[in-house]
Amino acid sequence: MSLKYFKRYRMEIDLHEPIAAPRLRRGYRLVPWNKHALAGHAEATFASFQGEIDASLFDCLADRASAHRLMEAVFGRVGFLPDATWLAVYEGAPHKPEVCGAIQGVRSSPSFGAIQNVGVTPFHRGRGVGAALVAAALRGMQLAGLPNAYLEVTGANKGAIRLYHKLGFRMTGTLYRAVERALV
């Protein structure tokens, strides 16, 4: 076994400024947290990270069962913020509404909310779903009285980094995640 290191960035935003209301294209809607949404969050999170670099960095994103356990852990965590936790649903699908994105928020300290697992399924990327999810989560953190929020993003995820910059986040730190790799 060998170790491979992946660069991740911590990005922060000041929540004292107003956050624009989330805007979605026709056919999409955001669904606030409710206790029956756990399976939807798990499925959207799994589908969003399937085949992406983060699924190899974090075992909890590697399969549906692990994503379900991750969501149970997030929702059971002290500091869980229901108002900062949303599902994105696409209602233009021919048979039934399709869960196409998810975000969760937690209070990590008295001064910071933490955005967890921003995910949009591949077909729905580039349609404003991620921006709307992040804006909704940030507004929920403002409602909770938090002055700041942060998230972490893998350095190779250039699209997400551009989105977070556009929304007002700034890089405040670099972290490295070690992953064991089998020698071939």
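Okay, let's start with E52, which counts as partly exposed because its relative accessibility is 34%. Keep in mind that this is a predicted model. E52 pairs up with R125 in a salt bridge, and the closest N and O atoms there are 3.0 Å apart. E52 sits in the loop between α1 and α2, and R125 sits in the loop between β5 and α4, so the pair ties together parts that are 73 residues apart in sequence. R125 is also partly exposed, at 36% relative accessibility.

As a quick reminder, side chains of opposite charge can pair when their charged atoms come close. How many salt bridges does the count come to? Seven.

One goes to D54, with the closest N and O atoms 3.9 Å apart. R8 is in strand β1, residues 2-14, and D54 is in helix α2, so this pair ties together parts that are 46 residues apart in sequence. Are R8 and D54 buried or exposed? R8 is buried, and D54 is buried too.

The other partner of R8 is E152, at 3.7 Å from N to O. E152 belongs to strand β6, residues 148-154, and R8 to strand β1, so here the linked parts are 144 residues apart in sequence. For R8 the relative accessible area is 8%, so buried, while E152 comes out at 38% and counts as partly exposed.

Now the helices. Helix α1 covers residues 38-49, and at 1.5 Å a residue those twelve residues should span 16 Å; the end C-alpha atoms are 17 Å apart, which agrees. Nine of the twelve are buried, so the helix is mostly covered, with buried meaning under 20% relative accessible area. Among the buried ones are L38, H41, F46 and F49. What do they pack against? The list is α2, α3, β3, β4 and β5. After α1 comes G51, with a positive phi near 80°.

Helix α4 has 15 residues and reaches 21 Å from its first C-alpha to its last, close to the 21 Å expected. Eleven of the 15 are buried, so α4 is largely enclosed by the rest of the structure. The buried set includes V129, L133, V134, L138 and M141. Just after α4, G145 takes a positive phi of about 80°.

While we're on phi: most residues other than glycine have a negative one. N117, in strand β5, has a positive phi near 55° and is not a glycine.

Back to the loop between β5 and α4, where we find H124. H124 is buried, with a relative accessible area of 0%. Which side chain does the H124 side chain make a polar contact with? E98, at 3.0 Å. Leaving out residues up to four places away in sequence, H124 touches Y28, Y90, E98, C100 and V129.

R127 is in that loop too, between β5 and α4, and is partly exposed at 23% relative accessible area. The R127 side chain reaches the backbone oxygen of F123 at 3.4 Å. With the sequence neighbours up to four places away left out, R127 touches R25 and Y28. R127 and Y28 are 99 residues apart along the chain, yet their C-alpha atoms are separated by 9.6 Å.

Last stop, the surface. L3, Y5 and Y176 form a nonpolar patch there, with about 380 Å² of accessible area together. Y176 is in strand β7, residues 170-181, and is exposed, at 55% relative accessible area.

Notes: Residues are numbered from 1 along each chain as its sequence is written. This is a predicted model: local features need pLDDT of at least 70, side-chain atom pairs count only at pLDDT 80 or more; totals for chains, interfaces and linings use all residues. Side-chain values use heavy atoms; hydrogens and water are left out. Helices (H or I, at least four residues) and strands (E, at least two) are DSSP runs, numbered from the N terminus. The expected span of a helix is 1.5 Å times one less than its number of residues. Buried means under 20% relative accessible area, exposed over 50%, partly exposed in between (1.4 Å probe, protein chains only). Contact means heavy atoms within 4.5 Å. Patches are made of residues with over 30% relative accessible area and no salt bridge: like charges are joined within 9 Å, nonpolar side chains (Val, Leu, Ile, Met, Phe, Trp, Tyr) within 5 Å. Accessible areas come from the Shrake-Rupley method with a 1.4 Å probe; for residues, only the protein chains shown count as cover. A salt bridge is a side-chain nitrogen of Lys or Arg within 4 Å of a carboxyl oxygen of Asp or Glu. A polar contact is a pair of N or O atoms within 3.5 Å; within protein, one must be able to donate a hydrogen and the other to accept it, and residues adjacent in sequence count only if both atoms are side-chain atoms.
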